[in-house]
Amino acid sequence: MTTATPVKTEYEAIIGLETHCQLSTNTKIFSNSSTAFGADPNTNIDPVCMGLPGVLPVLNAKVLEYAVKTGLALNCQIAKYSKFDRKQYFYPDLPKNYQISQYDLPIAEHGWIEIELVDDTGNPSRKRIGITRLHMEEDAGKLVHAGSERLSGSTYSLVDYNRAGVPLVEIVSEPDLRSGQEAAEYAQELRRIVRYLGVSDGNMQEGSLRCDVNISVRPVGRKEFGTKVEIKNMNSFSAIQKAIDYEIERQIAAIEAGERIIQETRLWEEGSQRTSSMRVKEGSSDYRYFPEPDLSPIQVSEQQLKTWLSELPELPAQKRHHYESELGLSAYDARVLTEDSSVADYFESSIKSGANPKAAANWITQDIAAYLNKQKLTIAEIALTPANLADVITRIETGKISNAQAKEKLSDLLSGITPEQAFAGQELISDPTVLEPIIDEIIAANTQQLEKYRAGNTNLKGFFVGQVLKKTGKRADPKLTNELLEKKLNA
């Protein structure tokens with residue numbers, strides 16, 4: 001990741017994110033069409049999502065459940081009464097010429113999450129970011145521009161309505177973010193939360209998580225916000241950070257040159273690493289919102305709210321705190337282990353099977369992670385069970401095998417070989433009466449190396465250690481071998 005150009009200290013950036021999160025339901029928000037990604041164009045459609053005459057929408061109950069659970073996880077107040085509204089706009093990817101969304105009475109409001117930041121000196125800090133609202137809505141279709149990534153420059157456009165009617169929650173943050181780094185970390189924490197909840201896969205490449213950034217700059221000390229600009233088309237967290245850092249510098253340069261910042265929507269261009277103007281930004285009055293007449297208002301009972309609250313899992317921030325304060329892990333290890341819930345589950349299962357937490361963390365975040373990255377696998381796809389990992393760690397700590405032996409057999413263990421099979425006949429020789437004759441024999445056979453060692457070339461101790469390991473098939477206890485060699489070489 002490139003280092004961002006420092007923002008001039010006399011200006012302050014005001015940043016808020018609008019995050020669209022696709023919910024992992026099997027069917028669409030108001031109809032029974034599939035939400036499966038990657039289907040042939042215009043095959044996951046039906047009369048409701050296409051807006052044909054005479055059809056009525058029916059709210060998918062799972063969408064409401066997922067929206068409320070997400071709101072609860074974001075510390076929001078859940079509305080006892082909310083409703084849907086029609087948002088009017090005319091664009092080819094919207095078959096009804098309106099989108100069913102929520103305007104003035106969203107399902108959740110007034111929440112917050114904490115993000116963790118690390119400064120240039122490596123010092124960690126936490127910052128609370130407010131959540132203005134969370135509301136449910138349907139997605140639009142997708143335009144494919146032939147000959148160009150954008151409408152400008154394309155020869156013609158095709159429309160795929162498979163995505164039309166796919167359920168979304170839109171999460172709107174307070175303007176509490178001040179840099180690209182903070183915004184990227186906020187978006188990543190949101191993705192961790194929805195993945196832990198199981199309400200979304202958060203896949204940015206497939207469009208399951210899409211972030212629009214609202215950004216303005218103002219002189220430090222001024223209370224009024226500057227003119228807001230929206231940035232779209234960011235499909236990674238690094239793109240979010242780079243787009244914001246670029247736009248901050250662009251706006252500051254424009255202000256200092258005497259130019260007027262206009263309220264507009266801009267696109268992030270990954271190739272040129274810059275933003276470019278897309279269109280003048282609409283206001284809410286342009287959408288002509290009015291209550292959706294074909295859907296009843298939504299009322300969530302106290303009992304239903306208690307049930308959904310009781311079903312929430314331990315969230316990533318809670319796990320990080322637990323791992324650091326109770327298990328003694330570093331902030332780095334806790335963060336890596338909680339990035340994905342399946343990794344955290346694997347780690348916790350290994351501890352329940354008797355593994356030392358720090359040793360388990362080291363194996364999972366280093367050796368196992370390197371194997372997964374190389375093989376392009378997830379931790380759920382390896383055959384090494386948490387119980388078997390705990391067995392390996394216990395064997396190392398009790399001196400039955402060495403750390404080197406375990407690493408040498410790691411690929412076999414990950415492929416399904418049990419520790420009993422992997423280390424059969426491989427237990428360390430920890431009996432001095434067995435090792436001493438072997439060491440004496442090796443010293444007697446290498447008198448020249450012994451003389452050089454005693455003359456001051458103490459690095460030759462490694463030579464003798466290597467000979468002992470070779471003679472014993474790497475089964476000599478490393479600690480005991482070093483102790484015995486130290487004693488005999490210096491006799």
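Me: How do I read the exposure of Val144: is it buried, partly exposed or exposed?

Reply: Go by relative accessible area: under 20% counts as buried and over 50% as exposed. This is a predicted model, and in it Val144 comes out at 41%, so it is partly exposed. You'll find Val144 in strand 8, residues 142-146.

Me: Okay, domains next. How is the chain divided?

Reply: Domain 1 covers 14-215 + 282-304, domain 2 covers 314-423, and domain 3 covers 432-490.

Me: And how do I size up the interface of domain 2 and domain 3?

Reply: The size of an interface is often given as the accessible area lost when the parts come together. Here domain 2 and domain 3 bury about 230 Å² between them, with 41% of that on carbon and sulfur atoms. On the domain 2 side, Ser402, Gln405 and Glu408 supply 88% of the area buried against domain 3, more than any other three residues. Four residues of domain 2 touch four of domain 3, and the domain centres, taken over C-alpha atoms, are 33 Å apart.

Me: How many salt bridges does the rule find across that interface?

Reply: Zero between domain 2 and domain 3.

Me: Last one, backbone angles. Which phi does Asn97 have?

Reply: A positive one, about 65°, although Asn97 is not a glycine. Asn97 sits in the loop between strand 4 (85-88) and strand 5 (98-101). Gln273 is also not a glycine, and its phi is positive at about 55°. Look for Gln273 in the loop between strand 13 (264-269) and strand 14 (274-280).

Conventions
Residues numbered from 1 in each chain as written. Predicted model: local features only at pLDDT ≥ 70, side-chain atom pairs only at ≥ 80, totals over all residues. Heavy atoms only, no water. Helix = DSSP H or I, 4+ residues; strand = E, 2+ residues; numbered from the N terminus. Buried < 20%, exposed > 50% of the residue type's maximum accessible area, 1.4 Å probe, protein only. Domains from an automatic or database assignment. Contact = heavy atoms within 4.5 Å. Buried area = accessible area lost by both parts, 1.4 Å probe. Salt bridge = Lys/Arg side-chain N within 4 Å of Asp/Glu carboxyl O.
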